[in-house]
Structures are given as C-alpha cells and as structure tokens.
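Here's a quick briefing to read alongside the model.

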Amino acid sequence: MTEPAGCQLIGRWRIVEADLWDRGYLNFGGPAMISIGADNHGEIAFGALQAGLDLGYSPSMVFFTWAGFDEMDEVTGDGSAELLDDGSIEITFAYHNGDEAILKAKRDTSSTAC
C-alpha cells in the first residue's frame with residue numbers, strides 16, 4: 001500500500017451517521033469512530049463491530065481492507081474514506097459478501113480538559 005505523506009485524513013474521526021443504521025445502533029458499544037494512523041494501520045468501531053484496518057493513502061482519500069469481530073463473529077471487508085469539502089469524511093464500508101454502507105464522520109475534537 002502507499003505511504004501516508006500528505007494525507008489529510010490521518011487522525012481520529014467520530015462517525016455521526018450512516019445510511020443503513022441509526023445513531024443508537026452506531027453508538028451501541030461506545031462512541032462510533034474510525035482512527036486513521038500514519039503507520040498503514042487504523043481501527044474502526046461502531047455498533048457491535050470492532051476491526052483493524054490496513055490502509056493505503058492519497059492526499060484526500062484512504063483505501064482499506066479490514067478484519068475484526070461483529071457480535072463475536074469474525075468478519076472482513078474493504079472500503080475507502082474520502083475528504084469532503086465541508087471537512088468531514090464519507091466512508092464506503094463493505095462487508096465481504098454482505099452489506100455495503102455509507103458512513104459520515106467528523107474529526108474528533110474531544111478533550112480531556114476539566
């Protein structure tokens with residue numbers, strides 16, 4: 001996969017909506033998120049899914065394959081995330097031989113300050 005040089009998507013993003021699931025499901029196991037690392041790896045978690053990502057980069061897009069668990073079943077798939085004009089990202093997320101969803105995420109600005 002390609003190197004992350006200049007990729008604007010590196011960081012942690014909060015998944016805020018999906019075309020297949022409501023917000024209650026997205027945040028079922030905790031805040032829905034995707035983390036895009038500069039080391040060709042990342043993570044995604046929403047609903048009952050937790051998965052690791054293997055990443056490829058361009059300046060305004062990442063491509064990934066993923067593997068993890070959904071309701072304790074092993075699952076895999078692929079997808080991509082693209083930076084939109086409003087600063088959010090659109091994620092195309094596909095299960096191998098299964099559903100494909102479009103997710104929207106905003107950069108996580110959470111703070112640990114009191």
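**Strand pairing**

β5 and β6 pair in the antiparallel sense over 10 bridges; strands here are DSSP E runs of at least two residues, numbered from the N terminus, and two of them pair if DSSP finds at least two bridges between them. Keep in mind that this is a predicted model, where local features need pLDDT of at least 70, side-chain atom pairs count only at pLDDT 80 or more, and totals for chains, interfaces and linings use all residues. Residues are numbered from 1 along each chain as its sequence is written, and side-chain values use heavy atoms, with hydrogens and water left out.

**Around β6**
- Two residues sit between the strands in the β5 and β6 hairpin, where E71 takes a positive phi near 50°.
- On to β7: β6 pairs with this strand in the antiparallel sense over seven bridges, and S80 has T92 as its bridge partner.
- The β6 and β7 hairpin has five residues between its strands, and G87 in the turn shows a positive phi of about 90°.

**The whole barrel**
- Eight strands make a closed barrel in the order β1-β2-β3-β4-β5-β6-β7-β8, with antiparallel pairing.

**The core**
- The largest nonpolar core has 29 residues, and I44, F46, I91, F93 and L103 touch the most other members.
- Such a core is a set of buried (under 20% relative accessible area, 1.4 Å probe, protein chains only) Ala, Val, Leu, Ile, Met, Phe, Trp, Tyr and Cys residues joined through side-chain atoms within 4.5 Å.

Definitions and conventions. Buried < 20%, exposed > 50% of the residue type's maximum accessible area, 1.4 Å probe, protein only. Helix = DSSP H or I, 4+ residues; strand = E, 2+ residues; numbered from the N terminus.
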